[in-house]
Every structure is written in C-alpha cells, then in structure tokens.
Amino acid sequence: MFINNRARKFLSSDEFYFPQLTTFYPMSPLPSYSYFLCNSSSSPPSLYPFQFSNNSSGLRDWIAPKELSHSMSDKELMWRASMVPYIEKYPYNRMRKVAFMFLTRGRLPLGPLWEKFFKGHEGLYSIYLHASPEFTEEPPESSVFYKRRIPSKSVEWGQATMVDAERRLLANALLDFSNERFVLLSETCIPLFNFTTIYNYLINSNHSFVGSFDDPRRMGRGRYNKRMWPTISLSDWRKGNQWFEVHRKLAIEIVSDVTYYPIFEIHCKPPCYMDEHYLATLVTKNQPDMNSNRSITWVDWSRGGPHPTKFERKDVSEAFLNRVRHGFNCTYNGSTATICFLFARKFQPSTLEPLLRIAPILLGFNP
C-alpha cells in the first residue's frame with residue numbers, strides 16, 4: 001500500500017483523514033495525477049479508479065462519483081464507504097441530500113408517481129436502485145431513474161442476502177458526501193406527502209427511524225440463538241421493520257460493522273430472519289439514543305399472516321390515504337406529532353392510475 005507525496009499532501013491538508021492509514025511510504029516521482037491504492041498486491045486493485053487531482057473537478061468526482069458503476073467487491077465497497085473526514089467543516093458548499101434507496105426485483109411499476117414526486121427538486125436527492133442482476137432494462141434518459149442502478153447481486157427473501165443488499169445500497173449512497181439521510185424503499189412503496197414535506201421532516205430530524213422492540217413471543221426472543229452469546233445476549237435481541245431511515249453517522253456505523261454482522265450471518269437462519277433482527281439489534285447495541293425507535297413506512301398487518309396486506313386499485317381513495325397520513329400520533333424531536341408515516345406499502349401496479357389522479361390534490365404534486 002502506498003500514497004505518493006501529492007496525495008499525502010491532499011489528505012493531510014485539504015480536509016480528508018483516513019483512520020485506516022497509519023504509515024506513509026516513499027514514492028517514485030510524481031505522475032500527472034495520483035492514485036490511492038488500497039493494498040500492496042502486485043495486481044491492480046479495483047479501487048484505483050478513485051483519483052485525486054490538482055483541480056476542483058477531481059475533488060468533485062471523488063466526493064460524489066458521477067457514475068454508479070464500479071468494480072469494487074462488497075468488502076472493498078464497505079471499506080471505502082466507511083471513510084470519514086476528520087475535519088467536520090466541508091471544503092465546499094455542501095447541500096444536504098436525501099438518498100432514496102430502492103430495493104427491487106426489477107422495474108418500478110409505480111415509477112410515474114415517483115417521477116412526479118421528484119420533479120423540480122434536483123440537487124436535494126439522490127436515487128439508488130438495487131435490482132436483480134438478470135434485470136437489464138434501462139428507463140428512458142429523461143427519467144430520474146436513468147443509470148441509477150448500483151452493482152447488484154441476487155437477493156432471497158429471509159436470507160442474509162437481503163441485508164447484504166441493504167448494506168450495499170447504503171455503502172454506494174455513502175460515496176456521495178452530500179447524502180445526509182438514507183431511506184430504504186421497495187417497488188411497492190409510495191410517498192404519502194410531497195417532496196418538500198418529506199425532505200424537511202428527515203433533514204430536520206434529530207433521530208433515525210429504525211423500528212426496534214423486544215418481542216417476548218416465539219417469533220421474537222424465540223429466534224435468538226444462544227451461540228450468539230456473549231457478543232449478543234438475549235437482552236440485546238431486538239426485532240424491527242426492515243424498511244428503515246437513518247442519518248449519515250448511523251449509516252456509516254452499519255457499513256462499518258464487522259462485529260455483529262458475521263455472528264448474524266452464521267447464527268440467524270430461518271426461522272430467524274436477519275432483515276428483521278440485525279439492524280434493530282445493532283442500533284440498540286451501538287446507538288440507541290440516535291434512534292426514534294419507530295419506522296416511517298406504514299404497512300397493514302391487521303389481516304394477519306407472514307406478509308402485510310397488498311393494496312389494489314379498489315383500495316385507493318382520499319379517505320384511505322388521509323387515515324394513513326394523519327391517523328396516528330408519535331414523537332418527533334421530543335414533541336407530539338400527527339405526521340408519523342412518510343411512506344406506505346404494499347401498493348400493487350393496479351393502484352398507479354388512482355394514485356396519479358389523487359396525487360395533485362392530496363399530495364401536492366404537480367399535475
């Protein structure tokens with residue numbers, strides 16, 4: 001591993017500090033630009049395309065990669081995403097953004113609704129898509145989803161690959177230093193308010209939104225594996241909603257975790273579902289005061305069963321959506337609030353037409 005003198009000067013004086021690097025080695029004469037290599041292997045590592053240069057565009061490219069495509073392995077990606085600047089003040093005008101991370105099987109059947117949601121708010125959001133590798137369809141160039149797919153892998157429900165995909169989305173989104181909040185969504189999710197309302201709610205929140213509770217039942221504590229002790233005890237064990245929202249500091253904690261994730265990967269197998277327990281337990285162990293302990297994505301479990309209710313065209317109405325939007329009480333930044341859920345699922349493709357019809361009036365989208 002080496003860093004040449006020019007890169008060393010950039011790292012030490014121009015705002016960036018890498019806690020993993022403790023030794024600098026002599027370097028050959030400087031080329032016109034500098035590469036930061038992550039290991040000492042004779043074969044070029046896949047991280048080398050991240051370049052440092054002496055012009056401002058080099059800095060811009062590094063703090064917000066233009067292309068989402070890369071050849072990093074998951075291990076390299078998590079390492080890269082875990083880097084934190086030691087100097088808190090940014091050397092550029094940083095506009096805080098919300099990263100919308102879609103975990104999907106393929107296309108987004110409710111995409112037209114999201115297009116209206118994002119319209120006119122460029123610069124305040126980033127979009128990331130994790131889809132099945134077999135899905136190669138690209139939306140039109142005019143779409144906000146154009147070329148927003150990250151390098152993805154196959155995902156199986158109830159398996160560790162689900163959490164792998166979530167961490168992969170977070171890590172890719174963390175490569176953009178302007179992303180401040182990170183929300184996980186599916187292809188069946190819809191926004192319950194307009195962009196401005198959701199953006200302000202998240203950006204101004206003092207907490208993340210990760211559901212986490214101690215469930216004494218068989219599908220809660222009953223899933224705990226004693227082999228997790230002593231790193232994870234029964235009193236640490238939590239259950240929660242897969243669909244989370246976190247701020248940047250907690251997102252870095254998640255992708256940096258090398259303590260709890262391997263234990264879950266080995267010892268949380270069905271009927272223990274890693275996506276229901278890993279993040280809820282991790283947040284409770286590491287950053288309980290940073291969490292609101294609730295989800296902002298509404299689902300209907302009233303009909304029972306292993307999966308929430310699916311909503312069809314006939315279910316969508318202004319009255320129904322208003323009950324979800326304003327029918328609950330919760331705590332937001334220490335005060336009682338009536339806006340508790342910002343998103344809802346599971347809305348099937350048949351709901352698109354009535355949602356588009358209602359959206360301009362109810363959600364404040366442009367027609």
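Two residues are in contact when heavy atoms of theirs lie within 4.5 Å. In this predicted model, glutamine 242 touches Leu103, Met162, Glu166, Leu184 and Asp275, leaving aside residues up to four places away in sequence.

**Glutamine 242**
- Glutamine 242 sits in the loop that runs between helix H6 (195–203) and strand S7 (245–247).
- Its relative accessibility is 13%, and glutamine 242 therefore counts as buried, since buried means under 20%.
- The side chain of glutamine 242 also makes a polar contact, at 2.9 Å, with the side chain of glutamate 166, a residue that is among those glutamine 242 touches.

**Helix H9**
- Helix H9 covers residues 274–286, and its 13 residues reach 17 Å from the first C-alpha to the last, which is close to the 18 Å expected at 1.5 Å a residue.

**The largest pocket**
- The largest pocket has a volume of about 1,400 Å³, and of the 50 residues that line it, Trp157, Gln242, Trp243, Trp301 and Arg345 lie nearest its centre.
- H9 and strand S8 (297–298) each supply at least two residues of this lining.
- By type, the lining of the largest pocket divides into 18 nonpolar, 18 polar and 14 charged residues.

Technical notes: Residues are numbered from 1 along each chain as its sequence is written. This is a predicted model: local features need pLDDT of at least 70, side-chain atom pairs count only at pLDDT 80 or more; totals for chains, interfaces and linings use all residues. Side-chain values use heavy atoms; hydrogens and water are left out. Helices (H or I, at least four residues) and strands (E, at least two) are DSSP runs, numbered from the N terminus. Buried means under 20% relative accessible area, exposed over 50%, partly exposed in between (1.4 Å probe, protein chains only). A polar contact is a pair of N or O atoms within 3.5 Å; within protein, one must be able to donate a hydrogen and the other to accept it, and residues adjacent in sequence count only if both atoms are side-chain atoms. The expected span of a helix is 1.5 Å times one less than its number of residues. On a 1 Å grid over the protein atoms alone, a cavity is a set of points where a 1.4 Å probe fits but cannot get out, and a pocket is an open set with protein on both sides within 12 Å along at least five of seven lines; lining residues have an atom within 4 Å of a point. Grid points are joined across faces, edges and corners, and a volume is the space filled by probe spheres set on the points. Ala, Val, Leu, Ile, Met, Phe, Trp, Tyr, Cys and Pro count as nonpolar, Asp, Glu, Lys and Arg as charged, and the others, Gly among them, as polar.
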